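Visitor: I would like to learn how to read a protein model feature by feature. Could you take me through one, giving the general idea before each case?

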Amino acid sequence: YVSDIVKDDKGFMWFATTKGLNRWDGYQFKFFFHEDNNDNSLSSNYINAVLFDKKGILWIATTNGLNSYDPISGKFKLHYNITDEKNKIPSNYIYSLAEDSNGNIWLGTEWGLKHFDTQTGKFYNYDFTEFINLPELNYKIIRKIFFDSDDNLWMSFSYSGLLKYNTKTKEKKFYLYDSE
């Protein structure tokens, strides 16, 4: 199962799959997997999304944490859930990735929206459940995220609805489809 595809600046195609990360060079595949006792490997073989940032770093959203891959060193860096530290990811299950105009990485997770400040190396958590104010549905599971040209971060949830959040002005607008 291929969940996401990106192309790097060298023309290589990268495929996020449920059995690791695959790179196609036009002739053959190279496979990247989780390896026990290897801190420079992927944290999980189940990959939901991939994204190349402006610096050429590949970000990998897995079911077991955020990974970054430096194509020059060939090493993965792991960003795990540490629940006793403020601003760490409260969940290791990451569905989607997006990069803002400042080069920060945003994460759609099973426990809400997170943002990774690439300058400081810190994570920041966002909770929109009070703003949405629909307690009967779970709006913590964010499946897809996307930045538009006006710095609005669009989010889709596992249930119904879209949230538009401007990361600069902090303005929020929730769109809920209601057939009635």
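Guide: Let us begin with secondary structure, where helices (H or I, at least four residues) and strands (E, at least two) are DSSP runs, numbered from the N terminus. The protein chain here has one helix and 16 strands. This is a predicted model, in which local features need pLDDT of at least 70 and side-chain atom pairs count only at pLDDT 80 or more, while totals for chains, interfaces and linings use all residues. Residues are numbered from 1 along each chain as its sequence is written, and side-chain values use heavy atoms, with hydrogens and water left out.

Visitor: How does one read the overall form, and what radius of gyration does the protein chain have?

Guide: The radius of gyration is taken over C-alpha atoms, and the globule rule is 2.2 Å times the number of residues to the power 0.38. For 180 residues a compact globule would come near 16 Å, and the protein chain, with 17 Å, agrees with this. Its C-alpha trace spans about 50 × 35 × 30 Å along the principal axes.

Visitor: Where in the chain is Ser41 found, and is Ser41 buried or exposed?

Guide: Buried means under 20% relative accessible area, exposed over 50%, and partly exposed in between (1.4 Å probe, protein chains only). Ser41 is found in the loop between strand 4 and strand 5 (47-52), and it counts as buried because its relative accessibility is 3%. Contact means heavy atoms within 4.5 Å; leaving aside neighbours within four places in sequence, Ser41 is in contact with Phe33, His34, Glu35, Asn67, Phe76 and Leu78. The C-alpha atoms of Ser41 and Tyr69, 28 residues apart along the chain, are separated by 9.2 Å.

Visitor: Which residues does Ser68 touch?

Guide: Ser68 lies in strand 7 (residues 65-70) and is buried, with a relative accessible area of 9%. Not counting residues up to four places away in sequence, Ser68 touches Ile57, Leu58, Trp59, Ile60, Lys75, Phe76, Lys77 and His79.

Visitor: How should I read a nonpolar core, and how many residues has the largest one?

Guide: In soluble globular proteins, nonpolar side chains tend to be buried together. A nonpolar core is a set of buried Ala, Val, Leu, Ile, Met, Phe, Trp, Tyr and Cys residues joined through side-chain atoms within 4.5 Å. The largest one has 16 residues, and those with the most contacts inside it are Trp106, Leu113, Phe128, Ile145, Leu153, Met155 and Phe157. Strand 13 (142-147), strand 14 (152-157) and strand 15 (162-166) each supply at least two residues of this core. A second, separate core of 13 residues includes Val6, Trp14, Ile47 and Ile60. Among the residues that Leu153 touches, beyond four places away in sequence, are Ala98, Trp106, Leu113 and Ile145.

Visitor: What is there to read in a backbone phi angle, and what phi has Asp151?

Guide: Most residues other than glycine have a negative phi, and most peptide bonds are trans. Asp151 has a positive phi of about 65° although it is not a glycine; the residue sits in the loop between strand 13 and strand 14 and is buried, with a relative accessible area of 17%. Lys170, also not a glycine, has a positive phi near 70° and is placed in the loop between strand 15 and strand 16 (172-175). Lys170 is partly exposed, because its relative accessible area is 45%.
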